[in-house]
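Subject: Structure handover and findings

Dear colleague,

Please find the structure below, handed over for your own work. My notes on its local features follow directly after it.

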Amino acid sequence: MLHKFKKHIANSFPFLGSKKLILATSGGLDSMVMAHLFNELDYDFAIAHCNFQLRGIESFEDQNFVQEFASKIQRPFFSTQFDTAAFAADYKLSTQVAARELRYSWFDELLETEGYHYILTAHHSDDNLETFIINLSRGTGLEGLVGIPEQTEKLLRPLLPYSRLEIKEFAEKSGIKWREDSSNASSKYVRNKIRHELVPILKEINPQFLAIFQKTQSYLQEAQEMVEDASIMIYQQVANEKGNEIHFDLNQLKRLPNYQSYLYQWLKEYGFTAWKDIYDLVESQSGKQILAPNYRLIKNRADLILSPYKEESDEIFTIDNEKRDVNFPLKLALCEVSHVTKLSNKTIFVDKDKLNFPLFLRRWREGDFFHPTGMDGKSKKISKFFKDEKFSLVDKENAWLLCSGENILWIVGKRADDRFTIKNTTNTIFKITLEE
């Protein structure tokens, strides 16, 4: 296996020769074999061990075993202890998910603080099969069936091509010692139930089942790559990126024979889960929206708009009489001028004597109204102005109002209020500019 492993590393991870590695080592069979192999090949690595304190004295015996091994082969050793049960209870997680969160968070910290390049774990092909069955039993898309990736950014899994049996035979032949985790024998965990009860039946039906499964997963991976390529091509036809928003053209989208699949591919990374509601959104009325933790998808006429989402703020920002530059929440320049230059939506000229300082910036509220320029002094509700100007829900929520006392002076960047415009009687002209 050593020769085969050396060839595998050279082909799949040729960049490791000059890198500093951290081997995640529990003390179990798989991780001890991985550590032995990398030690034989003389890579630059350290040993890292997590004590989750879930098995009493056994957990500390595992830690001591791994530490003694690291000392024996003269490799740097890092360890940490977690109160996994308390963390799981505090965050309402399963013990397994809590352990995973704690483990990988610590690994990331080690890479950053200790100057190492990659974390290596000892997942193998049987782990891949178990994960496939778990995902299949819970319901999943294609990405849940393609298996555990060999590399995810700084995380590498060099034992994935090898079976548990192959690893065990190598360990016994090479005299490698390891510790058995007593919890692995318990059937209360889904993975253990699959490992001890279901997988043996599959291998009994076909002794070559694992090899055939690996080939099937390679086909699924090829199909997944093809789906991703098609998704990118269609995205370029349907999507239009505008600042921090993405607008999906519904007319283009609905021409696709299976547009739901494309929506899933484009939106799955944004935390959405209500997929039926998202698919129904295509045919729903304008203004309806679907929320994810940090994003939302809005139906706006002939578009679906994906945008970042956060709760609305009632915060008010004041601008006193002496202030000439505002940098937050908008970038405004204010100054007195002797005459009016070119007008635009980005610049207004008002009668300073009509202003009631301090001015303030706020979001719009239901019932707000102003007297738009060009309407002969007539008033208009802000909501009606938004509707006439075809503002999307996002546009409305992003709009800022510059106010003088109780009166709206300017829908910033859109329309000024006629009551503050310059007249023949104006003594002091005040220029306000929205800067990019």
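Pro358 lies in the loop between strand E15 (347-351) and E16. The peptide bond that joins Phe357 to Pro358 is cis, with omega at about 0 degrees. Please bear in mind that this is a predicted model, and that every value in this message is computed from it. A further cis peptide bond joins Phe328 and Pro329, where omega is about 5 degrees. Pro329 is placed in the loop between strand E13 (325-326) and strand E14 (332-337).

The sheet

Strand E16, which comprises residues 359-362, belongs to an open sheet of 5 strands. The order of the strands is E12-E16-E19-E20-E21, with antiparallel pairing. At the edges are strand E12 (317-319) and strand E21 (415-416), each of which pairs on one side only.

Leu359 has Ser404 of E19 as its bridge partner, while Arg362 stands opposite Leu401 in E19. Strand E19 also pairs with strand E20 (residues 407-411), again in the antiparallel sense and over 4 bridges. Here Cys403 stands opposite Ile408 of E20.

E19 and E20 together form a hairpin with 2 residues between them. Gly405, in the turn, has a positive phi of about 60 degrees.

Backbone angles of note

Most residues other than glycine have a negative phi, and most peptide bonds are trans. Asp42 is not a glycine, yet it has a positive phi of about 60 degrees. Asp42 sits in the loop between helix H2 (29-40) and strand E2 (45-51). Asp42 counts as exposed because its relative accessible area is 60%, which lies over the 50% cut-off.

Asp376 likewise has a positive phi, of about 55 degrees, although it is not a glycine. Asp376 is located in the loop between strand E17 (369-370) and strand E18 (380-381). With a relative accessibility of 79%, Asp376 is also classed as exposed.

Ser59 is part of helix H3 (residues 57-72). Its relative accessibility is 6%, and Ser59 is therefore counted as buried. A polar atom of the Ser59 side chain lies 3.1 Å from the backbone nitrogen of Arg55. Leaving aside residues up to four places away in sequence, Ser59 touches His49, Asn51, Gln53 and Leu54.

A nonpolar surface patch

Which residues make the nonpolar surface patch of about 270 Å²? The patch is made by Tyr91, Leu93 and Val97. Val97 is situated in helix H5 (residues 95-114). Val97 is classed as partly exposed because its relative accessible area is 38%, a value between the 20% and 50% cut-offs.

With kind regards

Technical notes: Residues are numbered from 1 along each chain as its sequence is written. This is a predicted model: local features need pLDDT of at least 70, side-chain atom pairs count only at pLDDT 80 or more; totals for chains, interfaces and linings use all residues. Side-chain values use heavy atoms; hydrogens and water are left out. Patches are made of residues with over 30% relative accessible area and no salt bridge: like charges are joined within 9 Å, nonpolar side chains (Val, Leu, Ile, Met, Phe, Trp, Tyr) within 5 Å. Accessible areas come from the Shrake-Rupley method with a 1.4 Å probe; for residues, only the protein chains shown count as cover. A salt bridge is a side-chain nitrogen of Lys or Arg within 4 Å of a carboxyl oxygen of Asp or Glu. Buried means under 20% relative accessible area, exposed over 50%, partly exposed in between (1.4 Å probe, protein chains only). Two strands pair if DSSP finds at least two bridges between them. A polar contact is a pair of N or O atoms within 3.5 Å; within protein, one must be able to donate a hydrogen and the other to accept it, and residues adjacent in sequence count only if both atoms are side-chain atoms. Contact means heavy atoms within 4.5 Å.
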